[in-house]
Amino acid sequence: MVRMSAEERRESVIRAATSEFARGGYHGTSTESIAQRVGVSQPYLFRLFPGKKAIFLAAAERCVDDTIRMFTEAAEGLEGDDALHAMANAYTKVIAEHPERLMMQMQMYVAVGAAEQSGDHEFGEAVRAGWMRLWDAIHLPLGADAGQTTDFLARGMLINCLVAMGFPPGHRVWEGMYPSARATGRLEK
């Protein structure tokens with residue numbers, strides 16, 4: 001049996017944490033459930049990460065990094081409307097095929113809001129830094145147009161909410177979206 005390195009275990013913890021936090025949120029997810037999913041003990045988990053917050057922030061960073069990579073790859077060599085539609089198509093495909101990524105995003109925003117309300121600004125600082133990296137990754141392919149970047153991200157957040165609430169493809173709430181951003185049959189459960 002081949003043993004995983006600490007870095008490989010760390011990666012498996014981030015993947016497991018993403019699934020667990022996506023389902024249960026920050027406060028509803030135990031480190032025990034993450035450790036069980038990975039097949040390690042909690043003490044080992046805490047050798048890889050100093051605590052639950054560090055695990056959550058690593059999963060949040062991975063979620064943002066994966067989204068940035070997806071948008072960058074989709075828009076490669078494109079600009080303007082071509083980039084916009086390629087990124088929108090890629091995003092709707094990703095959230096359909098990997099719903100835990102959408103739910104992790106939603107949980108990130110909830111965790112930031114709750115933490116900010118209690119005076120903990122570490123969550124917000126980390127998630128806002130990721131959001132700004134996301135903004136920058138989208139901004140340039142859209143011609144460095146702040147209005148178009150804002151519109152793209154605003155529509156993306158609306159898509160997140162509509163999908164998370166379970167609005168089916170073909171529902172009238174999707175009519176105002178540009179075709180590449182509309183929910184398709186691939187978003188059906």
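Before anything else I noted how elements get named: helices (H or I, at least four residues) and strands (E, at least two) are DSSP runs, numbered from the N terminus. I'm working on a predicted model, where local features need pLDDT of at least 70, side-chain atom pairs count only at pLDDT 80 or more, and totals for chains, interfaces and linings use all residues. Residues are numbered from 1 along each chain as its sequence is written, and side-chain values use heavy atoms, with hydrogens and water left out.

**Leu84.** I found Leu84 in helix H5, residues 80–97. Is Leu84 buried or exposed? Its relative accessible area is 5%, so Leu84 is buried (buried is under 20% relative accessible area, exposed over 50%, partly exposed in between, with a 1.4 Å probe and protein chains only). I also checked Phe152: its C-alpha atom is 7.6 Å from that of Leu84, though the two are 68 residues apart along the chain.

**Ser12.** This residue sits in helix H1. Ser12 counts as buried too, because its relative accessibility is 11%. Leaving out residues up to four places away in sequence, I see Ser12 touching Met4 and Val38 (contact means heavy atoms within 4.5 Å).

**Aromatic rings.** I wanted to know how many aromatic pairs there are. The structure has eight (rings of Phe, Tyr and Trp, the last by its six-membered ring, pair if their centres lie within 6.5 Å; planes under 30 degrees apart count as stacked, over 60 as edge-to-face and the rest as tilted). One of them is Phe21 with Phe56, edge-to-face, with 4.9 Å between centres and 80° between planes. This pair links distant parts of the chain, as Phe21 is in H1 (residues 6–28) and Phe56 in H4, 35 residues apart. Both Phe21 and Phe56 are buried. I then noted that Phe21, Tyr26, Phe56 and Phe123 make up one aromatic cluster. Over the ring of Tyr26 I found the charged end of Lys52, 4.7 Å from the ring centre (this needs NZ of Lys or CZ of Arg within 6 Å of the centre and within 35 degrees of the ring normal).

**H4 and H7.** Last, I looked at H4 (residues 52–75) and H7 (residues 122–139), whose axes come within 9 Å and cross at roughly 5°. The two helices are therefore roughly parallel. Among the residues that meet are Phe56 and Ile68 from H4, and Phe123 and Leu134 from H7.

Definitions and conventions. Axes fitted to C-alpha atoms, helices over the stretch in contact; angles between N-to-C directions. Parallel < 35°, antiparallel > 145°, perpendicular 65-115°, else oblique.
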